[in-house]
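Subject: Handover of a structure

Hello,

Please take over the structure below. My notes on it come after it.

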Amino acid sequence: MSAATNRTQPATASAVTTPRPSEPSKTKATLTWLALLVIFGGAVWLSNARWSEITGVFTDGWRYFQLMLDGVLENPFAEPWSGYWTLALEKMMESVYMAWVGTLIGAIVSIPFGFLAARNVSGRVTVQVTRGFLNLIRAVPELVFAIIIMLPIFGFGPVAGTVALGVGAVGTLGKLTAEALEGIDTGPVEAARAAGARKLAVLRWAYWSQVLPEVVAFWLYRFEINIRASAVLGIIGAGGIGQLLGQLFGRREWEQIGIALVVVIAVTLLVDALSGAIRHRIISGGAVKESTFKEDAVSAV
Amino acid sequence: MSVEAPPRAAATDRPRKPAPSPVVIGGLVVAAAFTWWAGHSLGFSLRPLVENWSNGWVVIEQFLSPNWPFIWRVWDAWVETIAISIVASAVGVSLGLLFAFLASRVTNRSAWGFRATRWFLSVLRSLPDIAYVLIFVALVGVGSLAGILALILFNIGIAAKLTSETIDAVDTGPLEAADASGAGTAARARWAVMPQILPNYLSYCLYIFELNIRASVVIGIAGGGGIGSVINVQFSRFEYENVAAIVVALFVVVLLIDQLSQYLRRRFV
């Protein structure tokens with residue numbers, strides 16, 4: 001990591017090959033590793049985990065896995081198994097709906113915030129205030145929005161979860177939209193101004209047109225994330241597959257759990273593949289490089 | 001366009017607007033139909049926002065007067081959350097690195113091997129963190145061990161995905177040099193690939209640690225220990241003042257760790 005000291009020793013006359021340069025000091029690396037080891041050891045100690053229980057993973061794990069497999073391998077068209085499959089699929093679709101509507105709410109609300117938070121659109125004070133607000137939303141997990149604000153107003157059920165997902169999405173999507181706006185080509189902006197376009201027309205035709213593909217790709221990406229997030233919301237009674245999983249695990253119905261997990265995996269993989277393909281198509285149709293997109297998305301989630 | 005145009009015309013004829021592509025129209029129609037269907041199935045309506053605002057306000061008011069001393073009373077739970085995140089991130093990113101090498105065409109010479117690893121990793125990632133917590137709570141009981149094990153699996157998925165994509169994009173020069181000098185698969189990965197991906201990998205490690213702190217609410221609510229379990233207990237007792245204090249403190253902790261990791265990241269990259 002640190003620059004190597006390339007100090008070759010004076011070659012003796014008889015040496016055929018040049019002598020090996022002396023190795024750079026390893027003290028710093030050793031100390032870093034030691035420090036990390038101490039932190040890790042401390043964390044293992046302070047985590048209060050009952051490490052002896054870990055044997056349960058190997059003993060019970062295998063038994064439960066077999067039970068889950070039994071549930072999955074039973075004839076899915078015979079009662080009661082067909083009912084289990086239908087229920088799991090229904091609840092998973094509810095999660096997908098929650099994620100879709102939630103993302104859409106977040107997307108629509110995030111557009112004005114994106115413009116307000118872009119340095120090349122808004123004034124410095126506006127940008128600072130908006131960014132602060134977006135960061136605030138980003139730091140609070142959806143679960144907290146659901147607990148604090150949505151459940152008291154919307155009651156238990158998927159609508160509370162949907163709105164919570166929407167609010168949560170505003171933070172990331174607003175930030176990503178602002179960053180996309182800041183990266184645009186200024187040519188079209190000048191052209192629109194030169195042609196006498198008003199401020200709103202410039203924003204619509206010079207700014208928005210340029211970022212639209214990238215921004216829609218972000219929306220789809222957020223949709224994929226929200227499918228997983230909606231499962232979490234179910235656990236506090238905000239609908240979707242999480243609610244079913246919570247009930248099934250509470251009753252230790254391993255056959256049904258197996259079915260539910262298979263449904264979750266299958267639907268998630270399917271939606272990911274579909275959404276990924278659309279994103280790819282949108283992005284390669286637009287002028288945005290896939291690599292920049294990925295990094296932005298990673299830093300924002 | 002027209003040859004007959006009078007020479008004094010102020011502007012040329014406006015070009016015709018191109019017709020929108022059928023793919024886009026089809027896509028929009030499908031999206032709109034799906035949105036309608038989804039909203040309909042959920043019974044979605046924003047009316048409660050207006051109608052039940054007063055109901056909600058009673059609770060929100062409690063949230064607006066956080067019980068600050070409570071933050072310090074649950075000091076142990078904070079330490080536990082940080083410890084859980086450290087252990088889970090450390091183990092998760094180490095195993096994740098191994099899987100990343102297996103999941104890249106560059107470092108895994110077996111075409112089937114890397115395809116199988118990728119497939120395994122996408123299945124691993126498709127389950128939400130909450131499902132892992134529920135599974136491990138059933139296996140090892142309620143407590144931080146369940147949280148740690150769940151987060152490890154979750155972290156392997158993310159670390160391996162991000163890192164293997166970085167590995168895919170490495171400069172091939174050092175690889176050829178390693179191959180030419182007869183390096184084995186392990187030596188090649190260690191000396192030709194690892195130095196190239198190290199800065200990115202370290203930054204992913206920090207990112208995953210941050211994610212783990214953020215996930216602590218979820219982990220705890222499902223029975224995986226840490227500050228989330230405190231929130232769960234206080235929430236079910238309707239002690240919203242205490243929940244509010246914890247949430248604000250968690251926000252500050254996330255912000256501090258965010259700053260710290262940004263500082264460290266700038267030093268790595």
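Predicted model: local features only at pLDDT ≥ 70, side-chain atom pairs only at ≥ 80, totals over all residues.

Residues are numbered from 1 along each chain as its sequence is written, and chains are lettered from A and ligands numbered from 1 in the order in which they are written.

Chain A

The secondary structure of chain A consists of 11 helices and 0 strands (helices are DSSP runs of H or I with at least four residues, strands are runs of E with at least two, and both are numbered from the N terminus). Of the 301 residues in chain A, 39% are buried; a residue is buried if 20 or more other C-beta atoms lie within 10 Å of its own, exposed if 12 or fewer, and partly exposed in between, with C-beta atoms placed from the backbone. Among contacts in chain A between residues at least 6 apart in sequence, those joining residues at least 24 apart make up 71% (two residues are in contact if their C-beta atoms, placed from the backbone, lie within 7 Å).

UniProt, in an unreviewed entry, places "transmembrane region" at residues 29-47, 97-118, 139-167, 230-250 and 256-274 of chain A. UniProt positions are in the numbering used here, feature names are shortened, and annotations may be inferred rather than shown by experiment. Residues 230-250 of chain A are 71% helix and 0% strand, with end C-alpha atoms 19 Å apart. Residues 256-274 of chain A are 100% helix and 0% strand, and their end C-alpha atoms lie 27 Å apart.

The axes of α3(A) and α9(A) come within 7 Å and cross at roughly 140 degrees (axes are lines fitted to C-alpha atoms, for helices over the stretch in contact, and angles run from 0 to 180 degrees between N-to-C directions). The two helices α3(A) and α9(A) are therefore oblique to each other; angles under 35 degrees count as roughly parallel, over 145 as roughly antiparallel, 65 to 115 as roughly perpendicular and the rest as oblique. On α3(A), the residues A:L87, A:A88, A:K91, A:M92 and A:S95 meet A:I241, A:Q243 and A:L244 of α9(A).

In the loop between α1 and α2 of chain A, A:N48 has a positive phi near 60 degrees without being a glycine; A:N48 is partly exposed, with 16 other C-beta atoms within 10 Å. A:P80 sits in the loop between α2 and α3 of chain A, and the peptide bond from A:E79 to A:P80 is cis, with omega near -5 degrees. A:R252, in the loop between α9 and α10 of chain A, is not a glycine either, yet has a positive phi of about 55 degrees. With 11 C-beta neighbours inside 10 Å, A:R252 counts as exposed.

Contact between the chains

In all, 52 residues of chain A are in contact with 54 residues of chain B. On the chain A side, α5(A) gives the most, with 8 residues.

Chain B

Chain B is divided into domain 1 (22-63) and domain 2 (69-268), with bounds from an automatic or database domain assignment. The centres of the two domains of chain B, taken over C-alpha atoms, are 33 Å apart.

Regards
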